[in-house]
Amino acid sequence: MAFHEVRFPEAIAIGAQGGPERRTEIVTLASGHEARNAPWAQSRRRWDAGLGMRSLDDLEVIVAFFEARNGQLNGFRWRDPLDHRSAAPSAAISATDQPLGAGDGFETRFQLVKVYGDGAGSYERTIAKPVAGSVTVAIDGALQFEGADYTVDAASGEVTFLQAPAAGTEITAGFEFDVPVRFDTDRIETSLTAMNAGEIPSIPVVEIRL
């Protein structure tokens, strides 16, 4: 298996339906109390790409993309229409949007992340597929310059400084990002009659761990 650094057609993805899921194991005790456990440290997202299709031309595009990925075999990039930025939908992306960590004078590599919530209820999501050219970085609020001060690996989401940030400094970043996914089926089933009747095939897409 491999990962193809190509994005699913955005015009179709924008009409897809889906979002994050968690796995929670719940056992009801004899007393009526519950024991709950979360075996997944990270959430996982799912979508139905079929819901974004509007025409036979869209179906042809999806089938071609599906064939090029060999069904479930190879991963690809997916643009989540509701969550693909470091900032809120109504705000401009800023180099101070998301905390990446603190400098110690030695470490040069920092992973892009996005934090949801705050305090004890916060969740830190690893961002492995930033959009090339969209990442801006700051040290203690001072804008840094890609190429001169740092580089970004768009295939892993890792920011590497040419010189380690000083101890105690705050590293932040702003960015757009895609989600690494694969098709969750090895079969696309449809017919011209069904399409003409408004029946849309289900084409599940699921996030993958890298």
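## Exercises on sheets and salt bridges

In this predicted model, four strands form an open sheet in the order β7-β16-β12-β13, and their pairing is antiparallel.

**Exercise 1.** Work out which strands are the edge strands of this four-stranded sheet, and which residue stands opposite I139.

*Solution.* Begin with the ends of the order: β7 (98-102) and β13 (142-143) are the edge strands, each of them pairing on one side only. Then turn to strand β12 (residues 136-139), which runs antiparallel to strand β16 (residues 170-174) and is joined to it by four bridges. Within this pair, I139 stands opposite I171 in β16.

**Exercise 2.** For the open sheet of three strands with the order β8-β15-β14, explain why one side of β8 and of β14 is left without a neighbour.

*Solution.* The pairing in this sheet is antiparallel. Because β8 (109-111) and β14 (150-153) stand at the edges and each has a single partner strand, one side of each lacks a neighbour in the sheet. As for the partner of β14, strand β15 (residues 158-161) pairs with β14 over four bridges in the antiparallel sense, and Y150 stands opposite F161 in β15.

**Exercise 3.** Determine whether R77 and D178 are buried or exposed, and which parts their salt bridge ties together.

*Solution.* The side chains of R77 and D178 meet in a salt bridge at 3.1 Å, N to O. Since R77 lies in strand β6 (residues 75-78) and D178 in strand β17 (residues 177-183), the pair ties together parts 101 residues apart in sequence. Both R77 and D178 are buried, whereas E189 and R187, which also form a salt bridge, are both exposed.

Key
Residues numbered from 1 in each chain as written. Predicted model: local features only at pLDDT ≥ 70, side-chain atom pairs only at ≥ 80, totals over all residues. Heavy atoms only, no water. Pairing = 2+ DSSP bridges. Helix = DSSP H or I, 4+ residues; strand = E, 2+ residues; numbered from the N terminus. Salt bridge = Lys/Arg side-chain N within 4 Å of Asp/Glu carboxyl O. Buried < 20%, exposed > 50% of the residue type's maximum accessible area, 1.4 Å probe, protein only.
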